[in-house]
Amino acid sequence: MIGSMAPTASASALAQRLLDGDRRALARAISLVEDDRPEGWELVREVYPHTGRAAVYGFTGPPGVGKSTLIGALTRSRRQAGRSVGVLSVDPSSPFTEGALLGDRIRLSEHFLDSGVFIRSMANRGALGGLSEAALQAALLLDAAGREEVFVETVGVGQAEIDIIDHADTIVLVLMPGSGDSIQALKAGVMEIPDVIVVNKADHPLADTMVREIRGVLSLGNLDAAQARDRWRVPIVRTEAAHGRGVEELVARLDEHRRHISKDGTLARRRRHNLRGEVLALAGARMRRRLEEELREDPEFQQLLEEVVQRRLDPASAATRLLERSGPAAG
């Protein structure tokens, strides 16, 4: 038995229930990982060989553009096609509890009672790119539990969201006309990441203008270089998700992209790159936590910090000294 599992089930028993598609086991597993419990990470280790089968779609974009509504419409379409769906909504964290502030996804409420749909809101816990360590592991758990489609929606934090490219097979950037945040997102740092671009609320008078602006950005040479790796021409799909318009075209474009990256090994290469990034991100986060714990009451570190505060030593030099002193623990 690993750690303090529930008295009625061992880690292996919980893992087997999850692999059998048990919804309660899946919910319990995600909670264990989200709470950073050792048995949660042990569970991930057990089920990891059974992952890699789900199609993972990442949805990013500014707040208020209708990502949740769009995912709800896509979920309805996928369920009508007989596909099982998992949805992870990564929300802003409460500064007090680090919980997901937007836990009740109103736009997804119609799917709550559908056994073929599993929906979970998770806190990003301050992750700069809108994704927490736990969210990445939760996506693996959804995969292991047999969900065929996994939709990951990240908090709209702008350019820092580009880290989602390291955690999904297909990236969908959702924008809306007339939004200052959406215009800001037309900067190259965000526009280089999507495989599909959605202009939602396309009944807006400025929809045509936004589509022209997006096409202009896509035509820039620096974006061509970013997309050259798989020679995919990024489509722009107009939707009115609240009314279900354009959703089937979006489904068609997502399926087309899936076929495109699967046929020539691009999907395998992308996943290898993604997993490399995840390993490094997890290692970096854990090394930082370990270093912070080791230095919390360390008098030498406090003295070093005081040198920085007194402007006798710059932060970069202090960091170099710290790493030299810490050796393998920090490196």
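## Elements of the chain

Helices, meaning DSSP runs of H or I with at least four residues, and strands, meaning runs of E with at least two, are numbered here from the N terminus. On that basis lysine 201 is placed in the loop between β6 and α8 (207-218). The model is a predicted one, and its chain contains 13 helices and seven strands.

Of the 331 residues in the chain, 48% are buried. Among contacts with a separation of 6 or more, 75% are accounted for by residues 24 or more positions apart.

## Helix α5 and its burial

Helix α5 (residues 133-144) is mostly covered, with 11 of its 12 residues buried.

Just after α5 comes glycine 146, which takes a positive phi of about 95 degrees.

## Packing of α5 against α3

Helix α3 (residues 38-47) and α5 have axes that come within 10 Å and cross at roughly 40 degrees, and the two helices are therefore oblique to each other. The crossing in which α3 passes α5 is left-handed. On the α3 side the contact is made by Trp41, Leu43, Val44 and Val47, and on the α5 side by Glu133, Gln137, Leu140, Leu141 and Ala144. By class, the residues of this contact divide into seven nonpolar, one polar and one charged.

## Packing of α5 against α11

The axes of α5 and α11 are 11 Å apart, and the two helices pack at an angle of about 140 degrees, which makes α5 oblique to α11. Here too the crossing is left-handed, with α5 passing α11. Glu133, Leu136, Gln137 and Leu140 of α5 meet Glu278, Leu282, Ala285, Arg286 and Arg289 of α11. The residues of this contact divide into four nonpolar, one polar and four charged.

Helix α11 has 30 residues and reaches 43 Å from its first C-alpha to its last, close to the 44 Å expected at 1.5 Å a residue. Its buried residues include Thr266, Leu267, Arg270, Arg271 and Asn274, together with Gly277, Glu278, Leu282, Leu291 and Leu295.

Buried in α10 are Val247, Leu250, Val251, Leu254, His257, Arg258, His260 and Ile261. An α-helix has 3.6 residues a turn, so residues three or four places apart point the same way.

The buried residues of α10 pack against the strands β1 (55-60), β5 (170-175), β6 (196-199) and β7 (236-238), and against the helices α4 (67-80) and α11 (266-295). After α10 comes glycine 265, whose phi is positive and near 90 degrees.

Aspartate 36, in the loop between α2 (23-34) and α3, has a phi near 60 degrees, a positive value in a residue other than glycine. Its relative accessible area is 44%, and aspartate 36 therefore counts as partly exposed, a class that lies between the limits of 20% and 50%.

Lysine 201, in the loop between β6 and α8, likewise has a positive phi, near 55 degrees, in a residue other than glycine. With a relative accessible area of 33%, lysine 201 is also partly exposed.

Terms used:
Residues numbered from 1 in each chain as written. Predicted model: local features only at pLDDT ≥ 70, side-chain atom pairs only at ≥ 80, totals over all residues. Heavy atoms only, no water. Axes fitted to C-alpha atoms, helices over the stretch in contact; angles between N-to-C directions. Parallel < 35°, antiparallel > 145°, perpendicular 65-115°, else oblique. Left-handed = near helix turned anticlockwise from the far one by under 90°. Contact = heavy atoms within 4.5 Å. Nonpolar A, V, L, I, M, F, W, Y, C, P; charged D, E, K, R; others polar. Buried < 20%, exposed > 50% of the residue type's maximum accessible area, 1.4 Å probe, protein only. Expected span 1.5 Å × (residues − 1).
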